[in-house]
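Thank you for making time this morning.

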Amino acid sequence: MAATGQRASAASLARPPAFRGSFRADPATLAAHSVSAGPFSIRPTAVAVPSDAEDVQTLITWAARQGTPVVPRGGASGLPAGNVGAWLAVDLVPGLGEIGNVDLTTGTLRCGAGAGAATVARVASRAGLAFPPLPSSAERCTIGGMVANNAAGARSFRHGATREWLAALDVVWPDGSRSSIEAGPDTAPTWSRELAADLSARLGGTVQDHGWPRVRKNSSGYALDRFLPGGDALQLMVGSEGTLGIVVGATLRLTPQPEERGVLLVGLPFLDSIPSASSAAAEANASACELFGRRLLDMAGLAVDPLVRDAAQGAAAVVLLEVEGDPGQVESGLAILKRWADEEGVGSVAATDEEGQERLWKIRHAASPLIARTAERGRRSTQFIEDSVVPVAAVPNYLRGVSDILERAGTEAVIFGHAGDGNIHVNPLMDLRALDRRTRVRTILEETVALVVGLGGTLSGEHGDGRVRAPFVDRIWSPELVSVFREVKERLDPDGLMNPGVILPLPGQDPLEGLWAD
Ligand SMILES: Cc1cc2nc3c(=O)[nH]c(=O)nc-3n(C[C@H](O)[C@H](O)[C@H](O)COP(=O)(O)OP(=O)(O)OC[C@H]3O[C@@H](n4cnc5c(N)ncnc54)[C@H](O)[C@@H]3O)c2cc1C
C-alpha cells in the first residue's frame, strides 16, 4: 500500500504521455471539481477528462506507474464525499456518455459510464421499456455513478437496486488493464472465483455467520454477501465506489413498462405504523412504499395541499404506496392497500389516473431538491446521516432515537425515504452561524452510528460510504468482515491508488474532512 495516503503535488502531475483528453490544474477547473452534491468539498490536485474508455486505460496505466491516486467522478450528485478527494480527479462525463440502441431481443442497452441516467431511461422508454432503479437524481447522475454506489430508486421495494439490472460491466482495473465482466457466477473469470474461494476459506462460514446486517438494502462496505457464494466479479464491483477500478461501460437489463399503475397516499397516526405499511406493501406486491416525515409535509406546504390534506391531517407521517402490473393486479393490489389504510391510517387519497399519480409522485421527487434548497433562519439541511438502513421493524425506534439525538444537539431534521426497505433519509438542519457547528455534527454522527449499530443496521442503503462513513467501518462491521474488506482492497488495488479513504479509511481519517469547506 505504498502510495495510499500520499498526496501528489500539482507540480508532480505533468500531463500523462499519450493521454488524449484534457488534463488541467488551473484554479477554476480545480474549484469546479472540488464540489459534490453533499456538504463536502475537497480540492483535487489536477483534473483529467479522458476522451473515451481507451483514454481511461492510458490514464490509469500511467497513474499506476507513477503511484498517483485517482478519484473517479461521474455526475457528482453523490452525497457522502466519495466523489471528491485531494488527488487526481477523473471526470468521466464528457468522454464516456455514449448510449447504444436498445437490443429488443435481449432487452438490454449498452452505454458508457458517463451516460446520464435520465437520458438512458428516456431511450429505454421510447422502446417501451424501463430501467427500474432510476434515482430521484436521474437528471444529474450517471450510470457509472449508479453502479459505483449501487443506487436505487423509489421503486426499489419491488425492483431492487442497480445491481439487479446489470448484464455486464466494462472495467478498467487499477493496473490499467481492461475487461468485460458478465453477471452471474457461471461466466465469472477464474481470478474472481479463486478470490472468492480464498476469502470464503479465510472467513469460515457464511457472511451471515459473521454478523452481516439483516437489512433489505445495503450500499455500505463491499458486497461480500453477493460475491463470496459464486465469485461473481460484477457483484463485487457494484457498490465499490471507485475503490477497485473504474467502470467505463455497462450493459443494462431493461423490463417492459407496466400496463397500469395505482398510487395510494396514506396518513399514519404513529411512527409505529411504518412496519405494518411495509407488510401491507409486501402483501400487495407493491412497487413502492415511500415515507414523508411530518416536517417535510409542513415545510413543503403539503399538509394544506388539497390533494394531500385528507391523508396528511393529524398524521405523524405519510406513506406513498404504488402497485403496478395488468389492470387485475393493480386492482387487487390497491384493494389490499385500501383495506390496510382503512384499518391503520388516519386518511388516504388514491390516484388511478396518470395525471393524479404524477402529482403524487412529484411530491416525492421534490423532496431532495426542496431539502437541498432549505436554508431557514441560517439553518441548512446537511447530509451526513442521510442514508442509514435498519431492519424494517426497527424503523420507529430509529426515528425516535434520531429525534432524541437531534434534540440534544439543539436541532431537528427533515425526514423522508424508503419506508418499505427501512432506508431513511435524515437531513439535520444545522445552524451555520453556530461556532460549535462542527462539534454538533460530530456528536450527531457518532451517536447515530451507535444507534444504527444497536439496531443492527448499516450507514448506507443506497448512497454509499464515501469518505464520511469510511471511518466507522469497524463499528458497523465485525472484525472478520472488515478484515475480508481489507483483503479485497489489497488484492485488487495493492498500491491503494483507487479512491483512497472511501469505504475503508486511511489512518487517522476525519469523517468531517471537507465539511463546509469552500
Ligand atoms: C437531489 C438528490 C437526489 C438523490 N436521489 C437519490 C435516489 O433516489 N437514490 C439513490 O440511490 N441516490 C440518490 N442520490 C445520490 C446520488 O445521486 C447517487 O448516488 C448517484 O448514483 C451518484 O451518481 P453520480 O454519477 O453523480 O456519481 P458521483 O457522485 O460522481 O460519484 C459517486 C461515487 O461513485 C464513484 N464513481 C462515479 N463514477 C464512477 C465510475 N464510472 N467508475 C467507478 N466509480 C465511479 C465516485 O468515485 C464516487 O465514489 C441523490 C442525490 C441528490 C443530490
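When I speak of domains, I mean stretches whose bounds come from an automatic or database domain assignment. On that basis the chain is divided into domain 1 (10–91), domain 2 (99–255), domain 3 (258–364) and domain 4 (376–491). Please keep in mind that this is a predicted model, in which local features need pLDDT of at least 70 and side-chain atom pairs count only at pLDDT 80 or more, while totals for chains, interfaces and linings use all residues. Residues are numbered from 1 along each chain as its sequence is written.

Let me start with domains 1 and 4. Their C-alpha centres lie 28 Å apart, and 8 residues of domain 1 are in contact with 10 residues of domain 4, contact meaning that the C-beta atoms of two residues, placed from the backbone, lie within 7 Å. On the domain 1 side, the touching residues comprise 5 nonpolar, 3 polar and no charged ones, where Ala, Val, Leu, Ile, Met, Phe, Trp, Tyr, Cys and Pro count as nonpolar, Asp, Glu, Lys and Arg as charged, and the others, Gly among them, as polar.

Now to the ligand. It is surrounded by 38 residues, the closest being Gly74, Gly78, Gly82, Gly144 and Gly145; a residue is counted if its C-beta atom, placed from the backbone, lies within 6 Å of the molecule. Two or more residues of this shell come from each of β3 (70–73), α4 (143–149), β10 (246–253) and α13 (354–373), helices (H or I, at least four residues) and strands (E, at least two) being DSSP runs numbered from the N terminus. Which element gives the most to the shell? That is α4, with 5 residues. By class, the shell divides into 18 nonpolar, 17 polar and 3 charged residues, and domain 1 and domain 2 each supply at least three.

Next, helix α9 (residues 274–283), in which Ile274, Ala277, Ser278, Ala280 and Ala281 are buried, that is, with 20 or more other C-beta atoms, placed from the backbone, within 10 Å of their own. Seen down the axis of α9, these buried residues fall within an arc of 160°, so they line one face of the helix; the arc is that of the directions from the helix axis to the C-beta atoms. They pack against several elements, including β12 (260–268) and α14 (395–408).

Finally, Thr448 lies in helix α15 (residues 437–455) and is buried, because 22 other C-beta atoms lie within 10 Å. Leaving aside neighbours within four places in sequence, Thr448 is in contact with Ile385, Ser388, Val402 and Ile405.

Technical notes. Buried ≥ 20, exposed ≤ 12 C-beta atoms within 10 Å, placed from the backbone.
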